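Work through the exercises below with the sequence and the structure in view. Try each task before reading its solution.

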Amino acid sequence: MPESAIIAIIVIALVVFSMILVVLSRYRRCPSDKVLVIYGKVGTNSDGSTRSAKCIHGGAAFIWPVIQSYQYLDLTPMSINVDLTNALSHQNIRVDVPSRFTVGISVEPGVMQNAAERLLGLKLGEIQELAKDIIFGQLRLVIATMDIEEINTDRDKFLEAVSHNVETELKKIGLRLINVNVTDITDESGYIEALGKEAAAKAINDAKKSVAERNREGSIGEASALKDQRISVAESNATAIKGENESLAQVAMSNALRREKEAEAQRRATAAEKIASAKALEEAYAAEQQAEKARADREFATRQADIITAAKIEKERKELEAEAEAEQKRRRAKGEADAIYATMEAQARGIQEILEKQAEGYAKVVAAAGGDTSAAIQMMLVDKIEELTKIQVEAIKNLQIDKITVWDSMGGSGETSTTANFLSNMMKAIPPLSDTMKMAGIQIPAFLGTQVNPEVKETEEKADTEKSA
């Protein structure tokens with residue numbers, strides 16, 4: 001067998017052995033004096049709701065790792081000493097009832113589930129304190145529904161009522177009542193002690209009455225025999241009557257004392273009830289005041305939160321609107337800038353095209369002039385001479401002259417008329433073509449004529465006149 005196959009078999013065996021160890025380590029057995037509580041993911045109830053825990057007593061279960069865990073509840077009975085004092089009875093007489101209760105965690109299915117939900121994780125002392133509070137309350141409740149005579153004489157009825165009430169409440173937290181033992185019952189007013197004395201006095205009187213009756217029967221039977229015996233029997237009867245009267249007087253005094261103590265106890269109970277009622281009203285008013293204050297604070301906080309939330313929403317809305325408007329303006333400005341840029345670029349391309357074409361035309365004109373730029377300019381001016389002349393004539397074309405009055409004396413020379421000179425001077429007001437060209441920085445070509453200096457012309461004219469003379 002290859003070495004790799006042997007290694008694979010060993011690895012598989014180790015994995016299987018590890019899994020078996022894990023399974024065995026997660027298998028838990030429940031002792032008889034404990035309850036195994038499994039919590040985590042333990043399934044659902046019959047109504048479809050999720051179960052909070054699974055309780056097992058006297059069995060075993062597998063605890064799934066990660067999703068489940070477990071704890072134990074101890075079934076050891078707990079003895080709780082309950083020294084109830086100043087419990088108010090049905091007759092408003094306060095009594096002391098020292099007692100001892102024995103409780104333990106119940107193993108009933110529903111009650112055991114309550115114990116798992118409410119007592120899991122608590123220490124023994126904490127459970128005892130919780131049960132003690134419940135027992136105190138129920139014991140006071142039972143005493144408040146019974147008279148002193150019932151509590152003192154009918155102990156079975158009293159214990160049955162206490163057991164029923166206490167066990168009903170203990171089941172709600174998962175406990176059961178095992179035993180109740182009431183040691184003694186006393187009251188601060190001495191009412192129970194008076195009842196005992198009354199019963200004792202009644203027993204003594206009954207015994208004395210029985211003796212007297214027996215003596216009387218014997219005396220009647222022997223009256224016929226002995227006279228002295230009859231006398232002694234009469235004396236005995238007198239003594240017995242005297243004793244009976246004294247006993248009755250003591251009973252009357254005891255009853256009076258009992259009624260006096262009952263009245264005092266009634267007065268104390270009434271005063272205590274009124275004080276308790278006043279304290280309860282005071283606490284209720286204080287609680288209502290705190291509740292109103294808490295409600296006012298809650299309403300203030302709610303309204304403040306609504307206002308702040310609305311302000312924040314309005315602020316965010318305005319910010320979003322401002323950002324959207326700014327973005328629109330940026331996009332609109334960018335679009336306008338792109339449009340202007342495109343227009344200017346198109347115009348520049350058009351101007352560039354015109355200038356390039358003009359440059360090409362000028363280059364051809366210069367080439368046609370044999371490379372002489374002056375000759376090229378002169379050729380272009382020859383082409384434009386008609387238009388330039390037309391522009392000069394247009395200067396006086398639209399001159400409006402409604403009426404001209406001329407006093408013509410011929411200037412004394414007799415050569416030309418003043419009207420002719422006026423029109424000639426008007427035409428001379430137009431700049432000569434040579435001046436126009438000079439203002440443009442261009443010399444008029446010689447073939448278009450030369451400008452004669454007026455002074456030179458005048459000198460030449462004078463010379464001609466003298467020569468002719």
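**Exercise 1.** In this predicted model, compare the span of helix 5 (residues 155-171) with the expected one.

*Solution.* Begin with the length: helix 5 has 17 residues. At 1.5 Å a residue, the expected span is 24 Å. From its first C-alpha to its last, helix 5 reaches 24 Å, close to that expectation.

**Exercise 2.** Find which residues of helix 5 are buried and which on the other side are exposed.

*Solution.* Step one: take buried as under 20% relative accessible area and exposed as over 50%. Step two: Phe 158, Val 162, Val 166 and Leu 170 are buried. Step three: these four lie on the same side of helix 5, because they cover an arc of only 80 degrees around the axis. An α-helix has 3.6 residues a turn, so residues three or four places apart point the same way. Step four: Asp 156, Glu 160 and His 164, on the other side of helix 5, are exposed.

**Exercise 3.** What covers the buried residues of helix 5?

*Solution.* The cover includes strand 7 (94-105), helix 3, helix 4 (148-153) and strand 8 (175-182).

**Exercise 4.** Describe the largest nonpolar core.

*Solution.* First, the count: this core has 41 residues. Next, the members that touch the most others are Phe 101, Val 103, Ile 143, Phe 158, Leu 170 and Leu 175. Helix 3 (residues 124-144) gives the most to the core, with 7 residues. Then look at Phe 101: beyond its neighbours within four places in sequence, its contacts include Ile 135, Val 162, Val 166 and Leu 177. Last, another core of 7 residues lies apart, with Cys 30 and Leu 36 among them.

Methods. Residues are numbered from 1 along each chain as its sequence is written. This is a predicted model: local features need pLDDT of at least 70, side-chain atom pairs count only at pLDDT 80 or more; totals for chains, interfaces and linings use all residues. Side-chain values use heavy atoms; hydrogens and water are left out. A nonpolar core is a set of buried Ala, Val, Leu, Ile, Met, Phe, Trp, Tyr and Cys residues joined through side-chain atoms within 4.5 Å. Buried means under 20% relative accessible area, exposed over 50%, partly exposed in between (1.4 Å probe, protein chains only). Helices (H or I, at least four residues) and strands (E, at least two) are DSSP runs, numbered from the N terminus. Contact means heavy atoms within 4.5 Å. The expected span of a helix is 1.5 Å times one less than its number of residues. The arc is that of the directions from the helix axis to the C-beta atoms.
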